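Grab a pencil and work through these exercises with the model open beside you. Try each task before you read its solution.

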Amino acid sequence: MLEALEQLGASARAELAAAGDPASLDAWKSAYIGPKGKVKAALGNMKNVPAGDRPAYGARVNALSRELEAAFGERQAALGVKAGASASSGPALDATEPGVMFTSGPGRQHILTRVRDELVEVFARMGFAVAEGPELEDDEHNFVKLNIPPSHPAREPIDNFYVDDPATTPRPRMLRSQTSTVQVRTMERAVAAGGGELRSPIRIIAPGRVYRPDAVDATHSFMFHQIEGLYIDQQVSMAELKTTLIQFARAYFGPKAEVRLRPSFFPFTEPSAEVDMKVRLRPDLPERWMELGGCGLVHPRVLEMCGIDPARWTGFAFGFGIERLAMGKYGIPDIRMLFENDLRFLKQI
Ligand code: DAH
């Protein structure tokens, strides 16, 4: 047993003599005298030593450990390696070296956040309050109470992010595909607050994220933002809707803004129209009509399903794409630019 210790000592000394640079010194140190080194292992081997030999064995291991520590120190000194320095430690920190300048300036809000805030502000001036609803919805708020029948193509699983299987779950959850869900939630809330009936007019906008499994291209993304509007009062007319939209367009795009309504169909409005706005996407391109979204007078069935008496109350609603509004206002030709977070783009806007 003691012989094995002498052999260990001999090979340790031979290898130490051969170690000629800080890296091999480091390697030697962990192989022999480090916490997982061979000297520690020899101490651990004590249990295999006959009981009578243990005091001598232990003493020899401790002595060997001290000898090798000392030899290591001498070898370091001979090679000019500073004690405590290791191969992995880099050059010492120079506290007087000048720092790196941050040239990009302070951060600021993303263009979509700013556009949303601008929209909220413009509509607030017209008396619209902000309403919210969950992004994880159910088909009752996304479809049923918006008068979208079970057979409607908009409900197809391939066109929606369902969280539950719509074929087997009674009220499947889904990522909302439109902010029109917030119309339903707002009407339900108002009716609940009125103890089962609507007691005063509603005037809200609801900006937020919506999700559709569309292939990404210059005008589509699987997630985008919409801003929904809902106004419920007595004898609300299409004329009021159009006036509101024109007022909005002038406030947001400037006094020369033009709005066009094209007859269309949505299950939750009657009559329905598509809203276009005249925009110039790039200085070198001619102006053109860009579709912003839809609008119309709230369908009596929708009012009814939300607990509102359509004989007493009427309303208008609209829903626009916020990215479209941002692109139209700032001449952004590709929706992907809004999500790539390329600082060269973001800094320009
Ligand atoms: N929710 C519709 C969509 O995502 C847009 C829309 C159309 C909203 C007509 C409305 C509306 O409020 O009245 O395509």
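**Exercise 1. Work out whether Asn147 is buried, partly exposed or exposed.**

Step 1: Asn147 has a relative accessibility of 22%. Step 2: compare that with the cut-offs, where buried means under 20% relative accessible area, exposed over 50%, and partly exposed in between, using a 1.4 Å probe and protein chains only. Step 3: Asn147 therefore counts as partly exposed. Now find its place: Asn147 sits in the loop between H6 and strand S3 (173–175). Helices (H or I, at least four residues) and strands (E, at least two) are DSSP runs, numbered from the N terminus. Asn147 also has a positive phi, near 65 degrees, though it isn't a glycine.

A quick note before you go on: this is a predicted model, where local features need pLDDT of at least 70, side-chain atom pairs count only at pLDDT 80 or more, and totals for chains, interfaces and linings use all residues. Residues are numbered from 1 along each chain as its sequence is written, and side-chain values use heavy atoms, with hydrogens and water left out.

**Exercise 2. Is Phe143 buried or exposed, and which residues is it in contact with?**

Step 1: Phe143 has a relative accessible area of 1%, so it is buried. Step 2: Phe143 lies in the loop between H6 and S3. Step 3: list its contacts (heavy atoms within 4.5 Å). Leaving aside neighbours within four places in sequence, Phe143 is in contact with Ile148, Ala154, Arg155, Asn160, Tyr162, Met174 and Ser177.

**Exercise 3. Check the span of helix H7 (residues 180–193), then find what covers its buried residues.**

Step 1: the expected span of a helix is 1.5 Å times one less than its number of residues. Step 2: H7 has 14 residues, so it should span 20 Å. Step 3: the end C-alpha atoms of H7 are 20 Å apart, which agrees. Step 4: pick out the buried residues of H7, which are Ser180, Thr181, Val182, Gln183, Val184, Thr186, Met187 and Val191. Step 5: their cover includes strand S2 (136–138), helix H6 (139–142), strand S4 (202–211), strand S5 (223–233), helix H9 (300–305) and strand S9 (314–321).

**Exercise 4. Which residues of the largest nonpolar core touch the most other members?**

Step 1: a nonpolar core is a set of buried Ala, Val, Leu, Ile, Met, Phe, Trp, Tyr and Cys residues joined through side-chain atoms within 4.5 Å. Step 2: the largest one holds 39 residues, and Phe248, Phe318 and Phe320 touch the most other members. Step 3: the elements giving this core two or more residues are H5, S5, helix H8 (238–253), S7, S8, S9, H10 and helix H11 (343–346). Step 4: H5 supplies the largest share, 6 residues. Step 5: zoom in on Phe248, which is in contact with Leu119, Val122, Phe123, Met126, Met277, Phe320 and Leu325, apart from neighbours within four places in sequence. Step 6: there's also a second, separate core of 24 residues, including Ile148, Val182, Ala206 and Leu230.

**Exercise 5. Where is Met46 found, and what does it touch?**

Step 1: find Met46 in the loop between helix H3 (38–44) and helix H4 (54–79). Step 2: its relative accessible area is 25%, so Met46 is partly exposed. Step 3: not counting residues up to four places away in sequence, Met46 touches Arg54, Tyr57 and Gly58. Step 4: Met46 and Tyr57 are 11 residues apart in sequence, and their C-alpha atoms are 7.6 Å apart in space.

**Exercise 6. Find where the cis peptide bond from Glu270 to Pro271 lies.**

Step 1: the bond from Glu270 to Pro271 has an omega near -5 degrees, and it is cis. Step 2: Pro271 belongs to strand S7.
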